[in-house]
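Dear colleague,

Please find below the structure that I am handing over to you.

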Amino acid sequence: MDERIKQELIKIVGEENYTERLIDMVSYSYDASEHSHRPSCGVWAERAEQVSEILKIGNREKIPVIPRGAGTGLSGMAVPAKGGIVLDLNRMNKILSISIEDRLAVVQPGVVYASLENALAPYGFFFPPDPASGKVATLGGNVATNAGGVKGAKYGTTRDYVLGLQVVLPDGRIMRTGSKTMKSVSGYDLTRLFVGSEGTLGVVTEITLKINPRPTATSTSMATFQSLEDAGRAVSQIIYSGIVPSVLEILGRETIIAINKNTDLNLPEVDAILLAETDGYTQEETRYQMKKVMEVFHKNNAQEVREANTAEEAAELWKARKSAYAVLARIKTHFALEDVTVPMSKVADLLKGVDAIGRKHAIQIATFGHAGDGNLHPQILYDGHNPDEVKRVETATGELFKLAIDLGGTLTGEHGIGLSKAPYMTLEHDPVAMDVMRTLKKMFDPNNILNPGKMALEG
Ligand SMILES: Cc1cc2nc3c(=O)[nH]c(=O)nc-3n(C[C@H](O)[C@H](O)[C@H](O)COP(=O)(O)OP(=O)(O)OC[C@H]3O[C@@H](n4cnc5c(N)ncnc54)[C@H](O)[C@@H]3O)c2cc1C
């Protein structure tokens, strides 16, 4: 970093909150994707005013500034694609207030998801999005990526819980959006514009979140299906039945085989396994819902249906689903975890299409995910040192995205666009929508300093 700018940054954040150390630069060059690019320096901000001053320097000098939470993103969103200053928000990690009577919590962006969950637990409340990375990912990152999780079908994603934000714009102005009320129709919904914007429009420095009372009872069951059509029909009919399970997960055949090879779970090697959970406030309520779910399983030729009678049995049923990502990640030297999402009635079509793409390109693709909201995770396993295989993976990935779009779906239900899916944005969004997004980016960030190179905003 240029010495003059370095000294200006140190003046804002202090010597202890500025780094150019190799170990930090290497850490900041990655997230959980395959992308990497080193920044020139990193700064830890502790207050919105510091963020404002840092952005003013970036804007004046036209140096990229990349907001960063825990760096667990799976699409290269926090990777400093064009170098510059990494703005690390991890030290802004205070829960500012919890107001049960108002059903909300106000937090700084560096608070880890699990820390908020722990703080809400004694009140019997929770913050529902529940990303699988919740033990490390930050709430600022969750907001910037609109994170979701296994309970998306019933509880939605982060977007559904953000009531208001404090945001620092690329020119350094500090803005408040939204309100602390459950309802507001006052002006444009600027809050929603920032949720999922991947740090390209502003830096989130405070978040007001709606919280929910935590259900106190759950029921869990698992069903195996010899055909994908039966499993797909079961998913649709559960939705018809008027029950909204809190969890409805699916494991495809390739995933089941991989789990069997790498664990002692000994699952039946069928086309699909569905795992369902219902939640509520009494066992009677959750069992009533689960009975209806299991009726649908039976009606659709489930081979085996198991219901958990105890918490231990429920944990046993969850084991296969919970092990999927880690088991698959170990099989080849490289993997890409996709998160295409389709209307729930198309889940079976997506699974069949993914299998066909895998066969066509001789690539192992194992799929699992959230059948209840149509968000599946085809995990593409490959040898990244084999150029021919890498090329086939690239072609297969493009076909996978096209398949999801043709089925009426979207490129990403959870993991965002970042660098990985930027080349495919125009598959999903028409030229007018792309033009509006690029115009918005230019309006907020005319010098393109905030997290540049992401989301195909520069086309
Ligand atoms: C094992 C594993 C499991 C995962 N499971 C899930 C899952 O179930 N659901 C899901 O949705 N995701 C999941 N993810 C992806 C990832 O955890 C989420 O995208 C998460 O929300 C990222 O949070 P983070 O703090 O790590 O953000 P980072 O990766 O640091 O940043 C992500 C993006 O947010 C921006 N950003 C971060 N903080 C701010 C801020 N304060 N203001 C403005 N922009 C900001 C960054 O610039 C970047 O564009 C998983 C990842 C892994 C590795």
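A polar contact is a pair of N or O atoms within 3.5 Å; within protein, one atom must be able to donate a hydrogen and the other to accept it, and residues adjacent in sequence count only if both atoms are side-chain atoms. The model is predicted, so local features need pLDDT of at least 70 and side-chain atom pairs count only at pLDDT 80 or more, while totals for chains, interfaces and linings use all residues. Residues are numbered from 1 along each chain as its sequence is written, and side-chain values use heavy atoms, with hydrogens and water left out.

The ligand site

A polar side-chain atom of Thr-138 lies 2.7 Å from an oxygen atom of the ligand. A backbone N or O atom of Pro-67 is 2.6 Å from a ligand oxygen atom, and a polar backbone atom of Gly-148 is 2.6 Å from a nitrogen atom of the ligand. On its own the ligand has 970 Å² of accessible area, of which the protein covers 93% (Shrake-Rupley method, 1.4 Å probe). Strand 3 (65-68), helix 5 (139-145) and strand 10 (203-210) are the elements that give two or more residues to the shell around the ligand; helix 5 gives the most, with 5 residues. Helices (H or I, at least four residues) and strands (E, at least two) are DSSP runs, numbered from the N terminus. In total, 34 residues surround the ligand, each with a heavy atom within 4 Å of it.

Helix 13

Helix 13 (residues 387-406) has 20 residues and reaches 29 Å from its first C-alpha to its last, close to the 28 Å expected (1.5 Å times one less than the number of residues). Just after helix 13, Gly-408 takes a positive phi of about 85°.

Asp-171

Asp-171 lies in the loop between strand 8 (162-168) and strand 9 (174-178). Asp-171 is partly exposed, with a relative accessible area of 31%. Its side chain makes a polar contact with that of Arg-173 (2.9 Å). Leaving aside neighbours within four places in sequence, Asp-171 is in contact with Lys-56 and Asn-59 (heavy atoms within 4.5 Å).

With kind regards

Conventions
Buried means under 20% relative accessible area, exposed over 50%, partly exposed in between (1.4 Å probe, protein chains only).
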